[in-house]
Amino acid sequence: MRELNLDRLRTLVTIADLCSFAEAARVLHLAPPTVSLHIADLEAQIGAPLLVRKRGEVRPSGVGEALVERARRLLSDADDTLDLIQRQVQGLAGRVRLGASTGAIAHLLPQALEVLGQHHPGVDVQVAVLTSPETMARLASGALDIGLVALPQPAVRGMAVLPWRRDPVMAFVPSAWAAPRRATPRWLAGQPLILNDEGTSLSRLCKEWFTQAGEHPRARIQLNYNDAIKSLVAAGYGATLLPHEAPSAPGGHPNCPTYGHPNCSTWPG
């Protein structure tokens with residue numbers, strides 16, 4: 001059996017509501033012969049009369065009433081589905097798959113998600129904890145819709161990478177250390193270091209920074225969870241290089257907000 005045509009069902013429901021072929025044609029902006037053809041096609045498909053003419057009015061038959069009732073639900077579901085899809089296309093509803101690092105999720109996403117929830121409550125954001133290279137790979141494969149990554153990133157065909165914000169990379173050191181006001185590659189290379197896992201963009205940038213100064217330090221431990229790294233720094237386990245992802249203080253770069261100690265020097269360049 002052929003599938004029911006929604007346009008023909010809409011014609012049937014409209015005739016049943018208005019009790020007139022002519023009025024249905026006017027409301028649906030169809031030619032009268034087209035309306036008659038829709039009903040004839042439905043009746044041939046069902047194998048029974050759907051409409052009965054009585055005293056100048058058109059009424060559904062018994063079979064027609066049953067079909068009209070079901071048709072109303074089908075048409076309502078179709079309209080709701082189309083509305084939902086259109087809202088998704090407009091960015092007003094639907095599911096968004098987002099990839100970001102632990103640092104971005106901890107310090108940047110909460111405020112953005114709060115604002116999004118206020119203005120677009122119909123958007124469901126699913127967050128995956130990923131490194132920047134992993135995020136780029138999943139974006140390229142279509143497994144993500146948007147990602148927060150550290151720049152620079154290589155150009156990928158079909159993908160747009162736009163700058164969002166600039167966070168200074170800073171040296172975080174234990175408050176008990178006698179640290180210089182400005183951390184240098186040479187000084188940091190001589191300290192116990194806690195660095196990000198190899199393969200992350202931050203690890204690559206830090207390695208390049210040390211290498212340009214002729215330093216090749218080995219990390220005491222490598223992690224990919226910034227808050228855990230900061231906790232180890234606070235415990236005196238070592239120093240680290242991390243983006244300062246909190247809002248900057250007015251008039252200059254902020255001191256270390258976690259340890260209350262100004263031994264957080266901006267990474268040169």
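**View 1. Five side chains make a nonpolar surface patch.** L4, L6, I46, V63 and L74 form this patch of about 360 Å². Patch members have over 30% relative accessible area and no salt bridge, and nonpolar side chains (Val, Leu, Ile, Met, Phe, Trp, Tyr) are joined within 5 Å. A salt bridge is a side-chain nitrogen of Lys or Arg within 4 Å of a carboxyl oxygen of Asp or Glu. Areas come from the Shrake-Rupley method with a 1.4 Å probe. The model is predicted: local features need pLDDT of at least 70, side-chain atom pairs count only at pLDDT 80 or more, and totals for chains, interfaces and linings use all residues. Residues are numbered from 1 along each chain as its sequence is written, and side-chain values use heavy atoms, without hydrogens or water.

**View 2. L4 sits in the segment before α1.** Helix α1 covers residues 6-18. L4 is partly exposed, with a relative accessible area of 35%. Buried means under 20%, exposed over 50%, and partly exposed in between. L4 also belongs to the nonpolar patch.

**View 3. Three strands form an open sheet.** The order is β4-β3-β5, and the pairing is parallel. β4 (123-129) and β5 (146-147) stand at the edges with a single partner strand each, so one side of each has no neighbour in the sheet. Strands are DSSP E runs of at least two residues; helices are H or I runs of at least four. Two strands pair if DSSP finds at least two bridges between them.

**View 4. Bridges tie β3 to its partners.** G99 has G147 of β5 as its bridge partner. Between β3 and β4 there are 7 bridges. Here A100 is partnered with V129 of β4.

**View 5. Helix α6 lies across β3 and β4.** This helix covers residues 109-119 and runs at about 165° to β4. Axes are lines fitted to C-alpha atoms, for helices over the stretch in contact (heavy atoms within 4.5 Å). Angles run from 0 to 180 degrees between N-to-C directions.

**View 6. Q153 is a buried loop residue.** Q153 lies between β5 and β6 (169-172). Its relative accessible area is 18%. Leaving aside neighbours within four places in sequence, Q153 is in contact with S132, M136 and S201. Q153 and M136 are 17 residues apart in sequence and 8.4 Å apart in space, C-alpha to C-alpha.

Key
Patch = residues over 30% accessible without salt bridge, like charges linked within 9 Å, V, L, I, M, F, W, Y side chains within 5 Å. Buried < 20%, exposed > 50% of the residue type's maximum accessible area, 1.4 Å probe, protein only.
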